[in-house]
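Hi there,

I'm passing a structure on to you, and my notes on it follow below. Please have a look at it first and then read on.

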Amino acid sequence: MTQEADRPILITGGTGGLGHTVVRQLLANYTCVVLYRSPEAWARLRQSCGDTARLHGVEADLTDEAAVRRAVEQARAEVGLLYGLVHLAGGFLAGGSVEDTPTDTWNQLLSLNLTNAFVTMRAVLPQLRERGAGRIVAVGSSAGTTKPAGIAGYVVAKASLNVLTDVLAMELKDTGITANVVLPSSLATPEMLKELSADKLVPLERVAATIAFLLSDAAASITGASIPITVPGSA
Ligand SMILES: NC(=O)c1ccc[n+]([C@@H]2O[C@H](COP(=O)([O-])OP(=O)(O)OC[C@H]3O[C@@H](n4cnc5c(N)ncnc54)[C@H](OP(=O)(O)O)[C@@H]3O)[C@@H](O)[C@H]2O)c1
């Protein structure tokens, strides 16, 4: 067994546009447990990953904290003590300025892009502490640092995710557990490719490769980083 195969990774958002590519890439080296909310979406992911014993799935909606905690314990029972969390779940939902954003939409955006990360990180951390080593990698957005007008809820939620990851990195100093966030610009997901040409979008493999690097031993000293991932040639 390789060292990585003994380092199980929990992945949220694995059934999404970015998720399929990330899960497929990580399966090359890691046992992966995908925390999914839709059995249909999980079945599609399993099909796209082919026949592999390294892929596990546990059902839970991230807005249900008790279900997330149960799912994380079930993951441990199936694959052993977790080594990492790759938190991809999030999304745009709706735009709008501060003045134009209904409070319900604001709360949904904060739940989807911030609170779900907080809940999942809290649920996974005891296992990483027990291992004495581990990795947390969150997926934010370039919008969290460039702060464009007109998408207030998304910008505030993603900027806050950067702060959450940074605070966690400080709290985990000297534990052997790192916490980092990657900040892609618009991604070449099937949805985005309906609107923009591929040369204006970040290839999904680039994001997956950056996440794989942050999980690796080579990145053991990198923590508290917010890493932009831009369209090739646009930096
Ligand atoms: N697309 C872009 O251009 C872009 C650009 C920059 C950053 N990002 C960020 O990259 C990440 C992935 O984006 P994407 O385009 O792959 O999004 P997506 O296709 O909408 O996928 C979102 C994923 O999150 C899961 N999810 C959402 N709410 C959940 C909940 N309550 N419980 C469990 N799972 C939940 C979804 O599950 P279901 O499959 O069940 O819906 C899905 O797997 C997001 O954080 C997004 O903000 C995206």
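**What I found**

Glycine 233 lies in the segment after E7 (helices, H or I of at least four residues, and strands, E of at least two, are DSSP runs numbered from the N terminus). Before going further, please note that this is a predicted model, in which local features need pLDDT of at least 70 and side-chain atom pairs count only at pLDDT 80 or more, while totals for chains, interfaces and linings use all residues. Residues are numbered from 1 along each chain as its sequence is written, and side-chain values use heavy atoms, with hydrogens and water left out.

Back to glycine 233: its relative accessibility is 85%, so it counts as exposed (buried means under 20% relative accessible area, exposed over 50%, and partly exposed in between, with a 1.4 Å probe and protein chains only). Glycine 233 and lysine 200 are 33 residues apart in sequence, and their C-alpha atoms are 9.8 Å apart in space.

**Two positive phi values**

Leucine 93, in the loop between E4 and H4, has a phi near 65 degrees, a positive value in a residue other than glycine. Lysine 147, in the loop between H5 and H6, also has a positive phi, of about 50 degrees, although it is not a glycine. Leucine 93 is exposed, with a relative accessible area of 53%, and lysine 147 is exposed with a relative accessible area of 53%.

**Helix H8 and its surroundings**

Helix H8 covers residues 204-215, which makes 12 residues. From first C-alpha to last, H8 reaches 17 Å, close to the 16 Å expected at 1.5 Å a residue (the expected span is 1.5 Å times one less than the number of residues). Which residues of H8 are buried? They are Leu204, Val207, Ala208, Thr210, Ile211, Leu214 and Leu215. Seen down the axis of H8, these buried residues fall within an arc of 160 degrees, so they line one face of the helix (the arc is that of the directions from the helix axis to the C-beta atoms). Their cover includes helix H1 (19-27) and strands E1 (9-12), E4 (84-87), E5 (134-139), E6 (177-184) and E7 (226-229).

Leucine 187, in the loop between E6 and H7, is buried, with a relative accessible area of 14%. Leaving aside neighbours within four places in sequence, leucine 187 is in contact (heavy atoms within 4.5 Å) with Leu18, Met192, Leu201, Val202, Leu204 and Val207. Leucine 187 and valine 231 are 44 residues apart in sequence and 8.5 Å apart in space, C-alpha to C-alpha.

Histidine 20 is found in helix H1 and counts as buried at 19% relative accessibility. Not counting residues up to four places away in sequence, histidine 20 touches Gly14, Thr15, Arg44, Leu45 and Ser48.

**The largest pocket**

About 1,300 Å³ of space lies in the largest pocket. A pocket here is an open set of points on a 1 Å grid over the protein atoms alone, where a 1.4 Å probe fits, with protein on both sides within 12 Å along at least five of seven lines; lining residues have an atom within 4 Å of a point. The volume is the space filled by probe spheres set on the points, which are joined across faces, edges and corners.

The lining has 44 residues, and Leu88, Gly90, Gly91, Phe92 and Tyr154 lie nearest the pocket's centre. Elements giving two or more residues to that lining are strand E2 (32-36) and helices H4 (103-131), H5 (143-146), H6 (152-171) and H7 (190-193).

Best wishes
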